[in-house]
Amino acid sequence: MSGFVLGLRGFQPLHPIINISLSQAKGNGSSFSLLTNSNYVFSNSISKQLVLSLWSSTTTTTTSSSCTPKLKTQATRSQAGSSSSWPQQQSQKQEEEEEEEEEEEEFQLVTAIRSEFNDILIVDSLNSRMLLLDATHNVHSILYKDQKWTGSYWDEFASLPAIVPKGPIAIFGLGGGTTARLMLDLWPSLQLEGWEIDETLIEKSREYLGLSDLEKRTAAGGILNVHIGDALSQSVNASGGFAGIVVDLFSGGKVLPQLQEVQTWLELNDRLMPNGRLMVNCGGIDEAADVIDGVVHPKNSSIDGTWVQNYTIKALSKAFPGKLSWKRKPNKEGENYLALTGPLPDLISWSAIVPDPLRTAVKQWKPCGTFS
């Protein structure tokens, strides 16, 4: 599971860290805010009574909020760090006021429930439906209503079937099924095995995110089989091994700590069939970072986005010396670090198999050096 930041138009995913805060504001209301690292804040006032109704229950898996308020939000640009002159500031202010009028978006809270593992929110808008999880309220899945591609790392995962043998592909960290939906759309004969630790999350995703549709066989015979449990358990395997494994495991807004251990990757590699591959969402930034007012400030940032700034890729490079590739999504697409095990594929051949926009994206993979 992982998340991203919402963009201004069409909710384009921009970054793996988004925070929706429900904090007390002045007066009798509370603030509903999407805090991003791109100097935008989406805010809306909702009643304090609603906030309390969402999370005051002590029941872990059986109580769901029946409130469905409409949340009208506006995008406003942060003034922090501005050094422009007064005329420039006035002009900027006028532009921002115009943007605010244009960029209003209505949200509807579809469901809210606290499970054993997560605070679960599903939010609906004109263009999309989003799954937000855990105490950080990061966005972990998105379902667009009028487009297929997400503009983020989920699209990259859909390119994996083109470079692995025929056979079952596992998704560790299924979330609401964004990756599975893209894969079955492009490769309708795939057998997908999706693992998710939170059963309540799966129930809500079936009910509100169309996950149950993916559990029905396609005309070509493809299907998503959903499994509830710990994806890293030794019991998770397939007869003959998996052709590929997508790893998208986050908790509390961070990559699982086990993914920064070499032994974890060696064990996962043992679950692959010959020539199988792992494709991994390694997070958007070095974990050594501060989040201040919703803005991420890496302590060890790299101008060129080099992979050594990411602890998960460091562990992978030690587990697969000379057989690991990496890329970093551009700022507008999330800045996620991604890793791919095995020899660097023939990028020209790979790009010829996949559709746009993946044709350009797969050419951006490059080999990792060794790390000691």
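Tutor: Contact here means heavy atoms within 4.5 Å. The model is a predicted one. Keep both points in mind.

Start with helix 7, residues 262-269. Thr264, Trp265 and Leu268 are buried there. Looking down the axis of helix 7, the buried residues fall within an arc of 95°, so they line one face of the helix. What does that face meet? The buried residues of helix 7 pack against strand 9 (169-172), strand 12 (242-247), strand 15 (272-281) and helix 8 (311-319).

Follow strand 15 next. Strand 15 pairs with strand 19 in the antiparallel sense, over three bridges. Within that pairing, Val280 has Ala339 of strand 19 as its bridge partner. Strand 18, residues 324-328, also pairs with strand 19. That pairing is antiparallel too, and runs over five bridges. Here Leu324 has Thr341 of strand 19 as its bridge partner.

So how enclosed is strand 19 itself? Strand 19 spans residues 337-341, and five of its five residues are buried, so the strand is largely enclosed by the rest of the structure. Both of its faces are covered. Tyr337, Ala339 and Thr341 are buried on one side. Leu338 and Leu340 are buried on the other.

Asn275 is found in strand 15. Asn275 has a positive phi of about 70°, although it is not a glycine. Most residues other than glycine have a negative phi, and most peptide bonds are trans. Is Asn275 buried or exposed? With a relative accessible area of 66%, over the 50% cut-off, Asn275 counts as exposed.

There is a peptide-bond exception as well. The bond from Asp356 to Pro357 is cis, with omega near 5°. Pro357 sits in the loop between helix 9 (347-353) and helix 10 (358-361).

Now a second packing site. Ile202 is in helix 5, residues 199-208. Its relative accessibility is 1%, so Ile202 counts as buried. Setting aside neighbours within four places in sequence, Ile202 is in contact with Leu174, Gly175, Glu196, Leu211, Val226 and Ile228. Take Ile228 from that list. It is 26 residues from Ile202 in sequence, yet their C-alpha atoms are 8.3 Å apart.

What about the cysteines? A search of the whole structure finds zero disulfides. The sulfur of Cys282 has that of Cys368 as its closest cysteine sulfur, 8.7 Å away, which is too far for a bond. Cys368 is likewise in no disulfide, with the Cys282 sulfur as its nearest. Both cysteines are buried: Cys282 at 0% relative accessibility, and Cys368 at 9%.

Last, confidence. The chain averages a pLDDT of 75, and 64% of the residues score at least 70. Two stretches need care. Over residues 2-84 the pLDDT is below 50; beyond near neighbours in sequence, this stretch has 245 contacts in the model. Over residues 300-305 the pLDDT is also below 50, and there the model has nine such contacts. Where pLDDT is low, the predicted coordinates should not be read in detail.

Technical notes. Residues are numbered from 1 along each chain as its sequence is written. This is a predicted model: local features need pLDDT of at least 70, side-chain atom pairs count only at pLDDT 80 or more; totals for chains, interfaces and linings use all residues. Side-chain values use heavy atoms; hydrogens and water are left out. Helices (H or I, at least four residues) and strands (E, at least two) are DSSP runs, numbered from the N terminus. Buried means under 20% relative accessible area, exposed over 50%, partly exposed in between (1.4 Å probe, protein chains only). The arc is that of the directions from the helix axis to the C-beta atoms. A disulfide is a pair of cysteine sulfur atoms within 2.5 Å. Two strands pair if DSSP finds at least two bridges between them. pLDDT is the predictor's confidence in each residue, from 0 to 100.
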